[in-house]
Amino acid sequence: SGDTERSWRFASSLLNTLLLALGVVAILGTVFAGAFVRTQTFRVSAEEASLAVFLFRFFAVQIVFYGAGLVFSGILNARRKFLAPAIAPIFNNLVVIATLLGVFLPLRSSNPDLAIVLLAVGTSLGVLTMTVVQIPALLRTGFRWSPVLDLHDPALRKLGKKALFVVGYTMVSLIGVSFRNAFAIDAFRDGPAALQYAWMFYQLPYGVFAVALATAFFPELSEAAARADYATFKDRFSQGLRATGMLILPMAAMLIALAKPIITLYVAGEFPNEAVPLVSGVLSVWAVGLFSFATYMFVLRTFYALQDSATPMWVAVGATVLHVVLYWVLTRPGLLGGMRLLGIPAADALTYTPQAALLLWLLRRRLGAMGARPIISSLSRVAMASVAGGLVAWGLLAASEPLKALPGGFIIQLVICGAAGLAACYGLAALLRVPEMSYVKKVLGAAGGALTRAAGR
């Protein structure tokens with residue numbers, strides 16, 4: 001139909017415009033790699049940052065692949081096709097792991113320069129693969145690319161104006177990350193590395209559960225906003241926020257209770273056992289604010305569903321100022337002794353909470369009452385169940401210390417304590433009649449179905 005052709009034409013024009021713009025950024029990043037890298041490494045010498053500059057020349061092109069993948073994911077999500085965007089990062093990880101194990105490690109000693117180059121190339125190929133694997137699903141929707149570039153399209157211009165605020169939000173966030181790295185280096189020489197190790201596990205439950213949930217809710221919120229059906233919008237928002245708590249609060253409790261055996265998984269190669277207390281401490285403190293972070297990101301998407309990208313950007317400006325002040329205060333010598341680095345995740349946890357609260361307040365001012373009572377009732381019960389589950393996991397961890405003497409004993413501890421803690425949490429949530437247990441049952445049912453199908457093969 002004509003509407004379908006116009007929609008695909010608009011999608012092609014958007015994709016082509018984005019690729020051209022990001023292509024310019026990638027070229028600038030390749031040519032002026034040193035300037036880009038210094039924004040994140042201004043507290044270390046140019047010599048120490050030389051490897052980062054070298055790698056960045058390979059990584060700059062990744063922004064083009066990320067941009068294309070973002071458009072592909074947006075089209076698929078709008079068509080209620082969530083599988084391809086959800087599993088695409090897996091292929092990225094597989095390519096990177098294959099590069100690391102098959103190329104980098106074997107060549108690291110005999111030809112280190114070639115090993116670094118191949119690692120950089122393999123990492124970029126991973127991002128390209130993550131984008132390309134979405135194309136078959138995209139083509140099945142009927143999408144057909146055309147070499148059109150209509151900069152006069154009113155819809156594209158409107159989207160471009162809103163995108164400027166998203167770019168502004170991204171820039172403000174990068175400034176915050178830059179100061180985080182700077183204060184981390186000041187607190188502990190290998191501070192950024194320690195933060196990155198903890199960040200991987202901190203982001204895992206958010207990336208697996210909260211992002212998937214928000215992605216599923218976003219099209220419905222957008223459609224309700226487009227119809228000005230704010231009753232449905234608020235109802236779906238309430239459901240999404242409560243479901244986020246149901247999935248994230250128990251995971252946060254497990255990260256706090258089991259941080260030490262989780263981080264012990266890293267103890268191999270050049271990661272020393274002596275680093276476990278510091279990195280696990282960072283993970284525990286970050287996990288305290290995990291629900292606030294997930295809430296903030298869900299409300300952020302809610303504003304995007306309302307086609308408002310300006311409000312989140314201005315809130316991010318204020319939050320970044322608060323971040324920097326708290327980084328400075330909480331990492332000052334003498335405040336936390338030898339654990340000054342813990343001031344970084346503490347500052348994040350303390351900032352995400354008012355940041356999320358401010359966005360929620362602004363959303364309420366715009367739309368009216370959001371049905372706070374069922375949200376508070378559900379989240380308070382889930383929080384109680386999560387604390388109980390965390391205590392169960394922590395108690396079993398202490399009681400199972402003898403297992404650490406066995407080969408891989410800490411992994412056995414982690415599995416037993418984690419399973420028992422989550423069972424206690426969700427069991428208590430069921431007893432407390434938390435309605436959002438239905439989401440947990442759906443996740444478990446989907447996982448069970450996948451395992452059954454795999455076993456059948």
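Which residues do ring pairs link into a cluster? The points below answer this and cover the cavity.

1. This is a predicted model: local features need pLDDT of at least 70, side-chain atom pairs count only at pLDDT 80 or more, and totals for chains, interfaces and linings use all residues. Residues are numbered from 1 along each chain as its sequence is written, and side-chain values use heavy atoms, with hydrogens and water left out.

2. The cluster joins Trp199, Tyr202, Tyr206, Trp286, Phe293 and Tyr352 through ring pairs. Rings of Phe, Tyr and Trp (its six-membered ring) pair if their centres lie within 6.5 Å; planes under 30 degrees apart count as stacked, over 60 as edge-to-face and the rest as tilted.

3. Arginine 180 lies over the face of tryptophan 199, 5.0 Å from the ring centre. The test asks for CZ of Arg or NZ of Lys within 6 Å of the ring centre and within 35 degrees of the ring normal.

4. The whole structure has 16 aromatic pairs. Phenylalanine 36 and phenylalanine 56 make a stacked one, at 5.6 Å centre to centre and 25° between the planes. Phenylalanine 36 is partly exposed at 35% relative accessible area, and phenylalanine 56 is partly exposed at 24%. Buried means under 20%, exposed over 50%, and partly exposed in between (1.4 Å probe, protein chains only).

5. Tyr206 also lines the largest cavity, as do Ala210, Val211, Ala214, Thr244, Ala294, Met297, Phe298 and Arg301. By class, the lining has 7 nonpolar, 1 polar and 1 charged residues. Ala, Val, Leu, Ile, Met, Phe, Trp, Tyr, Cys and Pro count as nonpolar, Asp, Glu, Lys and Arg as charged, and the others, Gly among them, as polar. A cavity is a set of points on a 1 Å grid over the protein atoms alone where a 1.4 Å probe fits but cannot get out; lining residues have an atom within 4 Å of a point.

Note on methods. On a 1 Å grid over the protein atoms alone, a cavity is a set of points where a 1.4 Å probe fits but cannot get out, and a pocket is an open set with protein on both sides within 12 Å along at least five of seven lines; lining residues have an atom within 4 Å of a point.
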